[in-house]
Amino acid sequence: MSWTYILLCSDGALYVGSTRNLDNRMFQHATGVADAFTRTRKPLTLVFAAEFDNIGEAYEFERRVKGWRREKKWALIESRFEDLPALARKKWRTANLPEPRP
């Protein structure tokens, strides 16, 4: 089995990763050998983990989630799945758009 996971860092940053062995990866993060990003942001809290059949699926989901805005990641963490489609839409600023031509 494989996992996609999200860590909450001490500075409030969210780190998204994937692994074949979640327990070992959490140990690596805790001891500072897993990733340079999390090494200086301890303590870390595991706030989300999803299990997949293989590492390819876990990595694909990781890449997708890494592209999400913070508020959408929090909806996932809080299991607010019904909010995910609305949070996927881009917020366009209409105030500075040119007037349409006739």
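Glutamate 78 has a relative accessibility of 45%, so this residue counts as partly exposed. Partly exposed lies between buried (under 20% relative accessible area) and exposed (over 50%), with a 1.4 Å probe and protein chains only. The model is predicted: local features need pLDDT of at least 70, side-chain atom pairs count only at pLDDT 80 or more, and totals for chains, interfaces and linings use all residues. Residues are numbered from 1 along each chain as its sequence is written, and side-chain values use heavy atoms, with hydrogens and water left out.

Start with the charges. Side chains of opposite charge can pair when their charged atoms come close. Glutamate 78 forms a salt bridge with arginine 80, at 2.8 Å from N to O. A salt bridge here means a side-chain nitrogen of Lys or Arg within 4 Å of a carboxyl oxygen of Asp or Glu. Arginine 80 is partly exposed, at 27% relative accessibility. Asp83 joins in too: salt bridges link Glu78, Arg80 and Asp83 in a network.

The whole structure holds 6 salt bridges. One of them pairs arginine 69 with glutamate 71, whose closest N and O atoms are 3.1 Å apart. Both ends are partly exposed: arginine 69 at 33% relative accessibility, glutamate 71 at 35%.

Now look further along the chain. Arginine 41 and aspartate 11 also meet through their side chains in a salt bridge, 2.9 Å from N to O. This pair links distant parts of the chain, 30 residues apart. Arginine 41 sits in the loop between helix H2 (36-39) and strand S3 (45-52). Aspartate 11 sits in the loop between strand S1 (2-8) and strand S2 (14-19). Helices (H or I, at least four residues) and strands (E, at least two) are DSSP runs, numbered from the N terminus. Arginine 41 is partly exposed at 22%, and so is aspartate 11 at 47%.

Next, the nonpolar side. In soluble globular proteins, nonpolar side chains tend to be buried together. A nonpolar core is a set of buried Ala, Val, Leu, Ile, Met, Phe, Trp, Tyr and Cys residues joined through side-chain atoms within 4.5 Å. The largest one has 15 residues, and Ile6, Phe48, Phe61, Val65 and Leu76 have the most contacts inside it. Two or more residues come from each of S2, S3, helix H3 (55-66), helix H4 (70-77) and helix H5 (84-88). A second, separate core has 7 residues, among them Tyr5, Leu7, Cys9 and Leu22.

Finish at phenylalanine 61. Its contacts (heavy atoms within 4.5 Å) include Thr4, Phe48, Phe52 and Leu76, leaving aside residues up to four places away in sequence.
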